[in-house]
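Please open the model in your viewer and keep the selection panel at hand.

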Amino acid sequence: FQGVNLYQVTRTGSLADTGVTTAFSNEPVGLGFDPATNTLFVSDDQKDRIFLNQSGPDGRHGTSDDTRTSISTSAFGSLDPEGIEYDASSGHLFVSDGDGREVYEVSPGPNGIFNGVPASGGDDVVTHFDVAVLGIVDPEGIGVDTARDTLVISDRGSKDVFEVSKDGLLVQVADAGGFDWRFGYDANHLEMNHWQPELGEGISLHRWWGSSSSGRTGRSRAC
């Protein structure tokens, strides 16, 4: 760990900004981003929580003036929240659970904000579908293909990339076994994000935020 574990890069691979999540998470395994509200969603599979990080006056994520709230994933049954993505078209979050081999769809309740399911004091609504039936072994990463209105799931176990509908129906499978990769996928361009094994954990497609957990530093480039 060299003082930062959050990276913003351009689509050509240039480093644009860095930050640190250790004030609230040492295990930032997944990232999602809502550009309309400048909210960075960070999943933590040790705390079983999703953090909603708001940048402060400096406009940067992962600095001391940030504010945040969080919601429990264990309250709706996800005990290994790995990948996370914000879907701007629906306003919902999609969470891939590695151990459970499930995808959870979280929608804000009547109050319009993510504040947890009723069991944890909020009014969010959660549905889920099984991905083991599709042959997915360890769904670590998830993204939204905005052009096709589908989900893209990276499977650490099979080293395949699965495109599925938002209700869990298989669309197609891409064999990524020839890539030296980890978790990331650019669904908007249907290209793999090339990650060093065991290094980068999460990536958000909207502004190319990347994170690393457990003090490991990740590097990425577009293939």
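Select residues 39–44 and 49–54: these are strand 4 and strand 5, which pair in the antiparallel sense over six bridges. Strands here are DSSP E runs of at least two residues, numbered from the N terminus, and two strands pair if DSSP finds at least two bridges between them. Within this pair, Thr-39 stands opposite Gln-54 of strand 5.

The model is predicted: local features need pLDDT of at least 70, side-chain atom pairs count only at pLDDT 80 or more, and totals for chains, interfaces and linings use all residues. Residues are numbered from 1 along each chain as its sequence is written, and side-chain values use heavy atoms, with hydrogens and water left out.

Now move to Ser-158, in the loop between strand 12 (150–155) and strand 13 (160–164). Is Ser-158 buried, partly exposed or exposed? Its relative accessible area is 28%, so Ser-158 is partly exposed (buried means under 20%, exposed over 50%, partly exposed in between, with a 1.4 Å probe and protein chains only).

Display the side chain of Asp-155: the side chain of Ser-158 makes a polar contact with it at 2.6 Å. Finally, select Gly-135, 23 residues from Ser-158 along the chain; their C-alpha atoms are separated by 8.4 Å. A polar contact is a pair of N or O atoms within 3.5 Å; within protein, one must be able to donate a hydrogen and the other to accept it, and residues adjacent in sequence count only if both atoms are side-chain atoms.

Methods
Helix = DSSP H or I, 4+ residues; strand = E, 2+ residues; numbered from the N terminus.
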